[in-house]
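Reader: I'm new to reading protein models. Could you walk me through this one?

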Amino acid sequence: MKILILAGYWILVTILGLLYMGIARKVTARIHNRYGPPFYQAFLDVLKLFSKRETASHGVMHSLGPVIAFAGISATLLFMPLGKGAPVLHFQGDLFVVLYLLVVGPLGMALGAGESNNPNATIGIARALSLMLGYEIILFMATLPVFVHYGTASIYDVIVKQGAFPNWAGLKYPLSMLGGLIALHGLLGEKPFDQPIAPHEIASGPMVEYGGKYLGLLQLWHAIGIIVETGLFINVFFGPQNIVWFFAGTFIVFMLAVIVNALMPRFRIEQAVRFYWGVPLILVVLGILQYYFWR
Amino acid sequence: MVNPILIIALLLLFAFLMPLLGLLHRRLPAFATLILPAFNLYVAVNHFLKMDFIPVVIKTGGFRPPFGINLAVDHFSLFFLILVNAIGVFIALSYLLEEQDYRFHILFLLNLLGASGIILTGDLFNSFVFLEILAISSYALAGSRKEKPALEGAIKYLIIGSIGASFYLLGVFILYKVTGTLNIADIALKLQNAKSGIVYLAGMFMLVGLFVETELFPLNTWAPDVYQGAYNRIAVQFSSLISKAAIYLLFRITFLIFDDPLFYKLLLVVGLLTFVVAEFNALAQKDLKRMLGYSSIGQMGLAVLAFALYGMISHPEAFFAATLLIVNHAIAKALLFANMDNMSENATIDIRSVNPFSSLMFAIGALSVMGFPFTLGFWAKIEILGILLRTNLLFLFFLIILIFMVEAFYYFRVITNLFRGETVCRRLNPLLAFSLVVFSIFLVYQGFYPIFTFSWLNRALNALLNKAIYISIIAGGL
Amino acid sequence: MYNINLALLAILAGFLTFFGALSHRVLRVASIVIGIVGTLVFAFLYLKPDTMEFIRMGVFAMSFNLTDISRFFLWIIISAFTLSLLPLIHEERSPFFYLYYFLAFGFASLTIMANDLLTLYMNFELTSLAIFAILLLGVRGDIKKTALKYIIYSLVGAYFYLGGLFIKFKYSGNIGFGGIQNVSTLTQIAIYTLLALPFFVKIATMPFHNWAPDAYYSASDSFTIFFSAGLSKVGVYGLVILMLKTFAELFKSNLYLPEIIAWVGGITALLGGIYAFMSDDAKKLLAYSSISQLGYVLVGLGLFTPYSFSAGIFHSVAHFVFEGVLFTTVAGVIHRLGTSDLRRMGGLIKKMPISFIGLLLGIIAASGIPPTIGFPGKWLLYEAIIMKGDLFLVSLVFFASITAFLYSYKLVHSIFLGKLHKEHRDVKEAPAGYVVATIIFLIPIIVFGVFPGVIFEKIYGFTKPVFNHDVFFTFNSLKTQIGFVKIPVAGIALAAMFAFSFILYLIAGRSYRAKQEDNYTAGEWVDEDFASHYAQEFYGFMRKAFGKLLDLSAEKFWNGVLTIFKAFSELTRRIYTGDVRDYALYLLFFLIVLVFLVGGKL
């Protein structure tokens, strides 16, 4: 029974993720003053990719890369509550489990991309990992005051204890929330933080040698990833009290990111990392200090 | 039991007989040189083990003290006698087959005579005589190598040594004038309660003389040159024999006669300065023998420092630490210097060509001087740190530890080079190798189980500390 | 009685191997095998809690005792030793090497079994000496400088320890592990720092870590396995004993000391990680990784809460396991390739698949991903720091753990992924010894990762008397006041999702194998020799990001200290001018000083 519910959640998230991706392309297009593809384009893409009759692969590890990436993000999804009332597996694991499982996906991807025998792929991975040095720490420091405030390391407990507007943690700790938002932008890999992908520069980085079903898996990975990443932010700072609010929140945050993405160019990688150590770091440090001195 | 005076008599006799022996057979002098210290060792050990814990007076010429010259034998002097003659045996055995010039053997026997005489005598002027014998034979030995560095060292030693000896004699005269006697115990008796100012002056003069022989700052300036220039066996003699006899005299006279805070404080400062300056100088050295020479000087300074702490803490452990250090140093330095024969001429600290045996011997000797665990030196170091802490002078305590680190650095610098150098197999003198092995085994064995050394040491120190008995018996004359 | 015999047996085995190695290759292998088997059999049969006194001299006796803590760490060392001997079978070394190897193990065991501070010191020094001897037989790099650096760092630490030992003796009247009463906090902190210093050096805490990268790089590769996985635990053991037995009260009551030590550990973890991913040599990278991981251990131990302390000890076990497997696989690669330079490797996954799996699981554990052994320690550590309220510290530790991803990927990519170089076309899988050791290491990586309770139980045994805390673990889950994790669930979730993902992969179309050169090159024509392996300056762009941080060097500082000493020695050297007239003047001046001293009495 539990498995059926989990499966249901998974399908819901995948579908909504793909929907988000499609809407994102539409929004971007409109900002660029063109029509853009239909909002269900992502579904078409995935279907097309999976229906390819044969795909090129550079070896076992190369093939397994997207498989592991997809597995990783799906497993992470199982530990990510979808707002109050959809606890999934939260009883068995808390924030740190999510944070570390979140790495499994990129790691698998990294292993696979490394086997591409294309330097672009490895450069992309190297950049992705280095970028982590930037946003991951900011994200962590942003969420810290909230967790300690409610005395728990479980994401679900944080949602429950927050309650509805106006008791949102994001309003109690606005600076942390802002820092977290900037970090989320990096986590999502939207411009100006899309150095790992950098389509014009390193030919999509890790994805350069992936086509067909691999690329399909990667698209699914991206879709679920969007929900999981924005979901983390929304759960911690805006405690959605039911699943509808959860998806509404993630949608708004994601669209924010898409709009910024459409308008901004790309930083250089070291600029991006250093950027995070500047203003965002100050924001989250102030947030932590706020926890210490002014609860 | 054999009368200890035979030690002195026989040494003197054979020293004079050497040329004759040399004529009889080429090898005879060398054998005589081996037999005599061995005989002395036997006598000394015999007395050490069998004698009661009462000092013994040996009269000469039938005169009772305090009128005649007498020998004073107690466990403390016997201990040093054993040490000095053991080193004598070591040197004689190691170089037995090599040295055929009888003149060396004369000098060696005279040197041993001076050392044994200093240790055995109970008369102050007698001590000067033996000190001079020791010094003059040392001058000659230091210069026995006919090369510039050795000769230079010998001349410097001669000059400084002579001046020092003169002042020692001056001190002796003053004491004679003040007390009317030359018997050490008697002088101690007379000066026990009231010391007039002039006595202090006499003491200072005598110390100047002794400081030269015991290689203390700032009168040890001759020592590095001698250690660097002289033959290796002479270096062994200086580090393990000559300075040890001299330091015996220093300890004995200070404790018996000049048992006064001023003297202990002076020894403390001089010892500390010697130790610090010498160890830092060793750090700056490129020549290996000179480095070892500075290390010797440093250890002497440390021994005197430990001894002087008695004045602050009045705890016999100070003497224990000092004497243990002296024993360890004598043996370890003998090992190190004699081992230099196995290495190339003019070895520097960047030594390249080595042979595995000599590297191992060097390592063991160095580890013992450094006081690495499971060598005899470790126990010496522990004792010294223990008494340092008793003084509650934390600054001094940490300063000494700091210097230990410096010592470790320059020794390990050489050890690293030794064990990474290219291997060259040199022909080893078998007797030398044997002696080296015996000494290294002793150091390590005593490192594991130092009971043997400790018990002998305790016996010796009990005798030293029993000042009252010493004075009453020797001055009273049995 | 029997416990000492383990060490003595090891030393004897060392001599046996020495003679075996002198004679014939077969005998060498045979004696190593005998050594392994003998040690294991003995350990299983005879290791029991027991006290023993050796020599007694006045107030001091050399005494040994096998306590719970000792046994715990002893098992780590025994395991590391035997596992490192397996690859050693394939390496040709001088006979003395084997002797020193067994000696190092023997003395390390004795150190752990020591029952008082002086015995610990003596055996610790001899362990350092044995390691020094092994480093002198190193295989690459500036061997003299490396060995000298190692022994000097160790000795300086040990001398401070000796000072601390005596001061402790002065205040407490004994040299055992008991606490000190009636002394001011400052004195206690001073004594603790003095005593703990050699152990900080041993676990390469910054800024005393400079010996480690060179030593790991230089030493023979199988020895590095033992060195990192086993011998560093002697340092951890020393710290654990000091904190649990001697200074427990100090740590519990003082506010600042735990924080300072934890922050030192955190900075070590971070900087170690950064230097690791900026390294271009496999062994140096692993050396810095080891330093970094031991930094986490120090954070756990230093913070001194029941959870953090347990986490620290658990993570040191994890360190043994995953650093062990990392060094083993890298040793195998170096053995086959003859180089340890990451820039010259690549694509070995095709040739050395088992080593790849070993390394992969090793880096997954080093990154702390569940359900490997690297996760529980880190999880508990984070929870502990948050419970203490140290938000900046936990951020530092988290930051440090991200660097682990960077160097892990660099390692696995540079060696195993990417393009196989032409000269490595004929490389075979690592020899049997390496492979067997790798496989054996992999078992605890998963088993203790999923069932950490087994180890936590042992740790609880000796931490409960000090902290008096409740059980926070079961066989396979951990629970603190703020969080809960049931590890098998994470593992099952991953496995299940992987299975699902794999099914998706299978049902969708088929894949054909494309050649290496059949690749996206933006329209350029390329042939086989096209340089498509990204290995030079892997994270080079981060240099600009870090800027001046990478110029900070503890080594420059310590070299500066040494220069000051040498300058002072040059000064004192000049006193001995070489001119005898000066010497005579010294005598005169000295005499005048003496006369003045006496002047008052005249």
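**Cores, contacts and salt bridges**

Author: Let's start with Phe362(B): leaving aside neighbours within four places in sequence, Phe362(B) is in contact with Leu288(B), Leu292(B), Leu336(B), Asn339(B), Met343(B), Tyr411(B), Val414(B), Ile415(B) and Leu418(B). Contact here means heavy atoms within 4.5 Å. Some ground rules: this is a predicted model, where local features need pLDDT of at least 70 and side-chain atom pairs count only at pLDDT 80 or more, while totals for chains, interfaces and linings use all residues. Residues are numbered from 1 along each chain as its sequence is written, chains are lettered from A and ligands numbered from 1 in the order in which they are written, and side-chain values use heavy atoms, with hydrogens and water left out.

Reader: Which residues touch the most other members of the largest nonpolar core?

Author: A nonpolar core is a set of buried Ala, Val, Leu, Ile, Met, Phe, Trp, Tyr and Cys residues joined through side-chain atoms within 4.5 Å. Buried means under 20% relative accessible area, exposed over 50%, and partly exposed in between (1.4 Å probe, protein chains only). Out of 545 residues in this core, the ones touching the most other members are Phe362(B), Phe412(B), Tyr192(C) and Tyr539(C).

Reader: How much area is buried between chain C and chain B?

Author: Buried area is the accessible area (1.4 Å probe) that two parts lose on being put together, summed over both. On the contact side, 56 residues of chain C meet 67 residues of chain B. Carbon and sulfur atoms give 84% of the buried area, which is about 5700 Å².

Reader: And how many salt bridges cross that interface of chain C and chain B?

Author: A salt bridge is a side-chain nitrogen of Lys or Arg within 4 Å of a carboxyl oxygen of Asp or Glu. Over all chains, the search finds 29 of them. Across the interface of chain C and chain B, though, the count is 0.

Reader: What does the salt bridge between Glu115(A) and Lys350(C) join?

Author: The two side chains meet at 3.9 Å, N to O. Glu115(A) is buried at 5% relative accessibility, whereas Lys350(C) is partly exposed at 36%. Glu115(A) belongs to chain A and Lys350(C) to chain C, so the pair joins two chains.

Reader: Is Lys283(C) buried or exposed?

Author: Lys283(C) forms a salt bridge with Asp221(C), at 2.7 Å from N to O. For Lys283(C) the relative accessible area is 2%, which means buried.

Note on methods. Helices (H or I, at least four residues) and strands (E, at least two) are DSSP runs, numbered from the N terminus.
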